[in-house]
Amino acid sequence: MQDTSTLTPQQHEEFSALFRLFDSDSNGELRGAEIEDVLSVLEVGLSEADRQRLLAAARATGSVERDAFIDWLRTREDFDLSGEYRAVFDLADSNGDGTLSSEEMLQLARCLDPACNEIALEVLIFQHDTDGDGEIGFEEFMAMQQANTSLQLTIAGIRRFKKMISRYRLAARNSRIALVEVDSDLGAGKAGANGGVEMLRQSAARRQIASRGLDTLGRQHGRDSPTPHARNIESIRRLLEESCALVSDTLKEGAFPVVLGGDHSTAAGTIAGICDAYPDKRLGVVWIDAHADVHSPYTTPSGNMHGMPLALASHHDNHANAINTLDEISFGHWEACKALGRPGSANIDLRDVVYVSVRDTEPAEDATIAHFGIPVFSTEDVRSMGPEAVAQACLDHLADVDMLYISFDVDSMDAAICMGTGTPVPGGITADEASRLNRRLVADPRVVCWEICEINPELDLRNSTGQVSMMVYEETLDALQSRLSTAVTVQQHRE
């Protein structure tokens with residue numbers, strides 16, 4: 001059995017919140033379908049022994065109450081709390097001497113609590129430095145976690161920290177890959193898609209995990225906006241301008257940008273950056289998403305710009321299906337955003353777009369899909385044909401384009417495994433299908449950029465989205481690494 005140390009109050013509340021999510025009828029116990037939901041959502045890493053232990057507890061009393069559920073969670077075979085803490089401690093221990101110096105503690109503190117200052121940290125170290133050596137050993141670090149301090153980690157926070165560090169280690173294997181953080185929830189209806197990246201940026205920079213410079217943009221904004229049909233468009237415009245330049249510069253330097261996006265509005269900046277770097281090449285797009293994201297400010301019912309990137313990139317205002325009259329401010333910013341990439345012409349033609357798993361559309365979008373004949377490979381197609389065959393069909397449809405951009409929104413996966421997004425939709429693909437699809441696509445030498453977006457840590461209390469999206473990310477990067485390494489080997493052989 002794994003370590004069953006007492007959970008901190010913060011961690012106990014985190015598990016309690018998870019229980020409340022599964023307790024759909026709010027009766028204080030889990031039964032039947034609720035137990036099945038637990039096993040389905042938490043299946044990643046779940047052993048058969050732990051599965052049977054939960055089922056046995058349910059059979060014994062007919063239900064599982066909150067305290068029993070929390071006890072089951074913390075004693076799962078794949079959940080070693082002490083081991084999780086040790087992993088974070090070792091990441092912070094940059095010189096590997098087994099202790100955390102004041103400087104190492106300061107770097108960790110800034111990742112976990114940006115408001116932490118050096119004086120407060122020195123006091124904290126003094127309070128927990130029981131052997132008086134001026135440094136913090138692992139046992140002293142664990143004591144900090146049991147106390148109510150600013151360095152207290154939540155369980156989801158521990159795993160998110162480790163996953164994000166892994167992203168940079170994976171990317172660092174190949175100097176031709178550059179991670180580009182475009183971290184914003186400005187275009188979304190729910191805040192939170194930009195959570196956690198500052199911690200990742202600081203940690204990666206500190207340990208020099210990325211072999212290239214780490215490029216990060218970030219914007220966060222309130223939900224109120226004076227431009228209701230294009231919410232936060234002024235701030236989004238600035239973000240798109242910066243992300244366009246960042247992606248363009250990355251490509252011009254000969255690197256492959258892997259874009260980690262917040263909400264999907266930022267994809268318009270990615271597309272513009274590709275077209276700025278390659279102004280004379282025709283770009284095709286494979287859009288893996290639950291949503292078509294081809295609204296404009298004239299057609300949108302919500303005003304959220306994460307539903308508009310493809311309309312922006314293609315200059316498709318769709319006046320024929322307009323329901324809104326645009327104010328002067330929105331109009332000016334919208335036109336300026338459309339001018340990014342290739343001034344005077346659209347960055348993409350919607351005939352060069354292919355949808356995969358799109359299943360939640362509205363009439364204006366349906367009209368656009370029909371007008372341009374955009375192929376839509378449904379979840380059923382992925383299941384019946386197989387992910388690799390669907391990927392090949394996408395590539396075949398785009399046989400005439402010069403280069404490809406793959407945009408993967410995590411809400412393309414089914415809502416049952418993808419709660420950590422602002423717009424979960426039933427009927428999506430599985431994590432395995434998503435991984436196989438993306439791996440096959442990025443293996444095509446025409447692919448110049450891959451993007452993953454819409455992971456919202458604040459909504460991911462079950463941590464399911466973080467787990468499955470990380471798997472898709474890792475396996476896609478492995479396929480990309482293989483392709484780029486092979487290309488280098490072939491080039492060296494020719495020389």
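This is a predicted model: local features need pLDDT of at least 70, side-chain atom pairs count only at pLDDT 80 or more; totals for chains, interfaces and linings use all residues.
## A walk through rings, charges and buried residues

Let us begin with a charge and a ring: Lys 281 lies over the face of Tyr 278, at 4.9 Å from the ring centre. Here a charge sits over a ring if NZ of Lys or CZ of Arg is within 6 Å of the ring centre and within 35 degrees of the ring normal.

Residues are numbered from 1 along each chain as its sequence is written, and side-chain values use heavy atoms, with hydrogens and water left out.

Now to rings that meet other rings. A pair of aromatic rings is described by the distance of the centres and the angle of the planes. Rings of Phe, Tyr and Trp (its six-membered ring) pair if their centres lie within 6.5 Å; planes under 30 degrees apart count as stacked, over 60 as edge-to-face and the rest as tilted. Searching the whole structure gives five aromatic pairs. One of them joins Phe 19 and Phe 69 in a tilted arrangement, 5.7 Å centre to centre with 55° between the planes. This pair links distant parts of the chain, since Phe 19 is in helix H1 (residues 9-22) and Phe 69 in helix H4 (residues 66-74), 50 residues apart. Helices (H or I, at least four residues) and strands (E, at least two) are DSSP runs, numbered from the N terminus.

Phe 19 has a relative accessible area of 4%, so Phe 19 is buried; the term means under 20% relative accessible area, with exposed over 50% and partly exposed in between (1.4 Å probe, protein chains only). Phe 69 counts as buried because its relative accessibility is 0%. Together with Trp 72, Phe 19 and Phe 69 form one aromatic cluster.

Another tilted pair brings Phe 89 and Phe 141 to 5.6 Å centre to centre, with 55° between the planes. Phe 89 belongs to helix H5 and Phe 141 to helix H8 (residues 138-146), so this pair too links distant parts of the chain, 52 residues apart. Both Phe 89 and Phe 141 are buried.

Asp 93 is buried, because its relative accessible area is 7%.
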